[in-house]
Amino acid sequence: MSKIQKIVFQNVPLQNGVDQAKVILSYQLFGQPVGSAPLVVVNHALTGNSQVIGENGWWQSLIGDDKIIDTKKYAVLAFNIPGNGYQDEENLIENYQDFTTYDVANLFWKGIDSFKVNQVFAVIGGSLGGAIAWEMAAIRPKAIANLIPVATSWKASDWLIGNVLIQDLILNNSNNPIHDARIHAMLLYRTPESLQEKFNTKLQNSERLFQVESWLLHHGEKLQNRFQLSAYKLMNHLLKTTDVFKNNSKSEVIKSITSNIHLISVNTDYFFTANEIKIAFQEVKNYKNNTFYHEIKSIHGHDAFLIEFEQLNNILKPIFN
């Protein structure tokens with residue numbers, strides 16, 4: 001396993017005008033040495049981390065030796081969003097509402113600069129990670145050859161902002177905050193059809209619980225055992241802060257990005273809906289020809305980008321071959 005490495009930044013200016021005294025940016029490297037091969041930056045989702053390959057790798061179906069993102073061919077760099085607490089208790093952030101996805105994207109670029117790399121072959125991320133990818137492209141519009149935001153958007157929708165509020169209320173008011181917030185979130189990441197197909201309203205044999213209840217409680221406990229409360233508050237808050245047009249007009253931002261843009265949606269996603277991603281695609285197409293729309297077909301909703309790996313592999317194959 002690639003070991004976690006750290007860069008410490010002092011007095012980091014944030015988008016809201018406040019300076020953060022200290023930020024620890026940790027990361028893992030996989031595959032080829034940076035500088036010797038095309039660089040692929042992988043951004044993790046809300047409860048993810050920098051461990052993208054291997055037995056515990058959350059995107060091991062996609063990244064590794066002889067996989068679609070082939071570690072024999074590419075240098076793969078995965079940052080931890082500062083404050084996610086992955087294998088690092090001192091990396092927690094209490095003033096979570098001071099941070100935005102723009103700030104995280106800015107920090108990721110600072111991290112990339114430490115490798116003296118000017119051009120990135122691809123930035124790919126799902127959900128929150130994809131939103132940060134959009135922000136990275138807006139900050140340095142000529143530095144990414146292939147921008148691949150998966151199941152995400154360039155600007156938080158009202159639906160997303162509303163659900164972030166519910167999550168934040170649970171996280172700040174529940175007696176069992178991580179557990180309870182995760183249970184609510186799991187219902188946003190799946191669909192009614194997905195759960196019906198999986199459980200078919202069956203009862204657990206041993207307990208007087210429905211199987212779906214048992215499954216949700218298990219997910220709540222599982223996250224509670226590996227995640228910090230301040231980390232969950234921050235990751236959830238970041239979702240609502242995405243807006244790549246905060247400083248410039250839509251046309252200016254889109255025209256400035258030179259990357260090939262591959263927008264990937266899930267047809268049943270109602271966290272980041274396929275419709276909002278289609279609308280973004282049409283808007284980008286007004287200014288850029290090297291923009292492509294791909295859709296994963298699945299009953300599983302938002303989480304399909306982690307489940308339907310064959311479809312995702314087929315979409316990504318032409319980009320990484």
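How many bridges join strand β3 (residues 39-43) to β7? There are four, and the two strands run parallel. Two strands count as a pair here if DSSP finds at least two bridges between them. Helices (H or I, at least four residues) and strands (E, at least two) are DSSP runs, numbered from the N terminus.

Welcome to this structure. It is a predicted model, in which local features need pLDDT of at least 70 and side-chain atom pairs count only at pLDDT 80 or more, while totals for chains, interfaces and linings use all residues. Residues are numbered from 1 along each chain as its sequence is written, and side-chain values use heavy atoms, with hydrogens and water left out.

**Around strand β7**

Let us stay with β7. Six of the seven residues of this strand (residues 120-126) are buried, so β7 is largely enclosed by the rest of the structure. Buried means under 20% relative accessible area, exposed means over 50%, and partly exposed lies in between (1.4 Å probe, protein chains only). Together, β7, helix α2 (residues 128-139) and β8 make a right-handed β-α-β unit. Right-handed says that, with the strands pointing away from the viewer, the path from the first strand over the helix to the second runs clockwise.

For residues 38-152, UniProt lists "domain: AB hydrolase-1" in an unreviewed entry; such annotations may be inferred rather than shown by experiment. Over residues 38-152 the chain is 22% helix and 24% strand, with the end C-alpha atoms 24 Å apart.

**Salt bridges**

Side chains of opposite charge can pair when their charged atoms come close. A salt bridge is a side-chain nitrogen of Lys or Arg within 4 Å of a carboxyl oxygen of Asp or Glu, and the count comes to seven. Among them are these:

| Pair | Closest N and O atoms |
|---|---|
| Asp66 and Lys72 | 2.9 Å |
| Glu283 and Lys250 | 2.8 Å |
| Glu295 and Lys278 | 3.7 Å |

Glu283 in helix α9 (residues 274-285) and Lys250 in helix α8 (residues 250-256) are 33 residues apart, so this pair links distant parts of the chain. Glu295 lies in strand β10 (residues 291-296) and Lys278 in helix α9, so that pair ties together parts 17 residues apart in sequence. Salt bridges that share partners join Lys278, Glu295 and Lys297 into one network.

As for accessibility, Asp66 is exposed at 58% relative accessible area, whereas Lys72 is partly exposed at 49%.
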